[in-house]
Amino acid sequence: MISALWVMIGISLLLGAVLGYSSIKFKVEGNPLVEKIDAVLPQTQCGQCGYPGCKPYAEAIAKGETSINKCPPGGEEGIQKLADLLGVEFQPFGEGAAPKGKAVAFIDEQTCIGCTLCIQACPVDAIVGAAKQMHTIIASECTGCELCLPPCPVDCITMQAIGENITNWKWRHPVIIPIKAAA
Amino acid sequence: MRKLFSFHGGVHPPTHKDESTRSPIAQAPLPSKLVIPLSQHVGNRAVPIVQVGERVLKGQQIGRPEGKLSSAVHASTSGTVTAIDMQLVAHHSGLPDLCVTIIPDGKDEWITHAGMDLKNTPHSELRKQLRNAGVVGLGGAVFPSDQKTDAHHHQIKTLVINGAECEPYITCDDLLMRERAADILHGAEILRELLHAEEVLIGIEDNKPEAVAAMQFAVEQDKHDKMEVLSIPTMYPSGGAKQLIRILTGIEVAAGVRSTEMGVQCFNVATAYCVWRALAHGEPLLSRIVTVTGNVTDAQNFDVLIGTPLDELVALAGSKPDTDRHIMGGPMMGVDLPAGTVGITKATNCIIESSPKLFPPQAPALPCIRCTRCADVCPAELQPQDLYWFAKSNNFGKTQEFHLFDCIECGACAYVCPSNIPLVQYYRYAKSEIHERERDKKAADLARERHEYRQLRIERDKQEKAEKLAQKEREAAAKAAQAAAAAPVATQNDAQQKLIEEAIARAQTQAAVAHPQNTEALTPEQSAEIAAIEARRAKIREMATDAGADDEPHKQ
């Protein structure tokens, strides 16, 4: 009886030591859920969710401080992905948070006074320019977040919709009749 | 006789090839204008290097290849560039793309060109010439040939020359092999040399006995060593690269693996012909053989300049008035062309004039009954019914799990489907949706990286600034300490005291000097008024102090 008790105590101490050791040794840095949520978010860094960027929004979602339907650039598909990831119900967009079409910023070079305010506002460094020099957008890097619009003192930045062209054209969900040889 | 293999599935659609093989290849006359798209190949669009109004010569480069995967575009005849703008092109989307419009001057004047010394020119130079001559795969995929001939990564044992031409109606390769077999084989020899391949296998479907005979004759006549012309059974889609490789070599190219990794590379016969013209004669790819068939009076193959408007080409074959649409390619994989104005491109192997009689409207699609006939005929050994199910419900992850990207879009599944489901359309839809998501993902990753770097930079700048400030403070403190250490404490205090006193004295004199300027030279009435106001103020102050004094006992 006593020896059995000692064996059990010994085993439990050993296992406890192993668990304690591994919890220190293999400690996961940061919250892995944040990374997963951040991977789903579209990284426009637009702040439409009310957080200063996608990562802070991801952190807020992970903590359960906010809902998953606050990211218009991610679209409904983004919400669905977040819902699947977090195992929660899909929530439709709230009032006035409908997703817009993709767009890139465009600087009217005639009007630009070279104040660098937009450069400071751009979250992804997609604006090139220097003080009192003309600024321009690197279209391929622009996420279309519109954060450069408010600081511009001369309103020379406009958003230009990315239209459908031959490189980004997509097949539609089938409605087209296939070609079939007459037998 | 070499042992032939077979691939899974396949169908036997009516071939309709006889209509267009009755007469030899005809030279299409110079068209009234040429609309030459700058993107006729897989990869980056060529960059226009001519100006509107410029006179160009036949064979002159008008589009410079851009980036690694690209190919040059040339003026197909001499004439004047009248426009470089967006025009409708032969593409599924029916959207416009950048084209160069040339009005021919009728002289057909060549730019100076010469063949290369094939024996002594390094391979890299030959490949460069292929790129600059705009040679791309003419079987339909239009992949730049200079990239396919780069044999650095893999040891190529077998070169397969594809003359299968399995799609119904199309006969351009058939006629090319009948009439220009010798040149095709010369091209194949160059390709073999570029790839360091041992053997060359030429696969031709057995419904083209004349082509097989012509090619075999050419092999014997020119004494090509280790080169075999093989007649393979007619079965759609035996002309698919993986399928033909399977038939000729028995090698099954696994999912997600390139045939080059298995030691096989595949080129179309027309590509081999163009390689020969480009390297041995210095002629860029300016024209190709196009089958014009279907609802026409004289179905025929034409040697057509790239950029010839579709309308002018089909008129040569006598397009009938009840034609309602033009199909580029065959009936299985072809695309509907958006307008008669589009220019013939390097990918245009066939134009089928379609009429409601020839291709009756498809019956409406019925629900899938899971008969799996599609799976029986799928040459890629996929499960088309499952792919259809997942694509229809936008379950793209699952389509990829079911190897959607191994689908060659041959249309065999849709051909046999008893429910008339447009299966290939679903696969194309799913593929393009997946591609878009991949593009978005890439863009998001780039944005994340740039955003994180920006934050890192801002943080670093802040730290550097703080450090500098701290450094300065430390330096100032050190200086003060040094000064303090140098001078006795009492002296320092005295000096400070003196400084303070001086400052107070200065302030007092300044205050005395700076009395209000507007009180000088006043009339006696004004002075009296001011005095009255001052008196009132004094009284109010007094009352306020009294009230304050009164308040205090209450507080206690």
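Select domain 1 and domain 2 of chain B in this predicted model: the C-alpha centres of the two domains lie 35 Å apart. Domain 1 covers 18-27 + 120-354 and domain 2 covers 367-485, with bounds that come from an automatic or database domain assignment. Where they meet, seven residues of domain 1 of chain B and nine residues of domain 2 of chain B form the contact; two residues are in contact if their C-beta atoms, placed from the backbone, lie within 7 Å. On the domain 1 side of chain B, the touching residues divide into five nonpolar, two polar and no charged. In this classification Ala, Val, Leu, Ile, Met, Phe, Trp, Tyr, Cys and Pro count as nonpolar, Asp, Glu, Lys and Arg as charged, and the others, Gly among them, as polar.

Before moving on, a note on conventions. Residues are numbered from 1 along each chain as its sequence is written, and chains are lettered from A and ligands numbered from 1 in the order in which they are written. Because this is a predicted model, local features need pLDDT of at least 70 and side-chain atom pairs count only at pLDDT 80 or more, while totals for chains, interfaces and linings use all residues.

Next, display the whole of chain B. Its secondary structure comes to 15 helices and 17 strands, where helices (H or I, at least four residues) and strands (E, at least two) are DSSP runs numbered from the N terminus. The radius of gyration of chain B is 41 Å, well over the 24 Å that the globule rule gives for 556 residues, so chain B is more spread out than a compact globule. That radius is taken over C-alpha atoms, and the rule is 2.2 Å times the number of residues to the power 0.38. Along its principal axes, the C-alpha trace of chain B spans about 130 × 60 × 50 Å.

Now select B:Met215, B:Ala272, B:Val290, B:Leu313 and B:Leu423, the residues with the most contacts inside the largest nonpolar core, which has 128 residues. Such a core is a set of buried Ala, Val, Leu, Ile, Met, Phe, Trp, Tyr and Cys residues joined through C-beta atoms within 7 Å; a residue is buried if 20 or more other C-beta atoms, placed from the backbone, lie within 10 Å of its own. Helix H7 (residues 269-280) of chain B gives the most to this core, with nine residues. Domain 1 and domain 2 of chain B both give residues to the core, so it lies between them. Centre the view on B:Leu423: beyond residues up to four places away in sequence, B:Leu423 touches B:Cys374, B:Pro384, B:Tyr388, B:Cys413, B:Ala414 and B:Cys417.

Turn to chain A, which is assigned domain 1 (32-86) and domain 2 (101-166). The C-alpha centres of these two domains of chain A are separated by 24 Å. Their contact takes six residues from domain 1 of chain A and seven from domain 2 of chain A.

Then show the interface, where 27 residues of chain A are in contact with 34 residues of chain B. The chain A side has 14 nonpolar, seven polar and six charged residues. The predictor gives the complex an ipTM of 0.81 and a pTM of 0.80.

Finally, colour by pLDDT, the predictor's confidence in each residue, from 0 to 100. Chain B has a mean of 90, and in chain B residues 551-556 fall below 50.

Methods: Buried ≥ 20, exposed ≤ 12 C-beta atoms within 10 Å, placed from the backbone.
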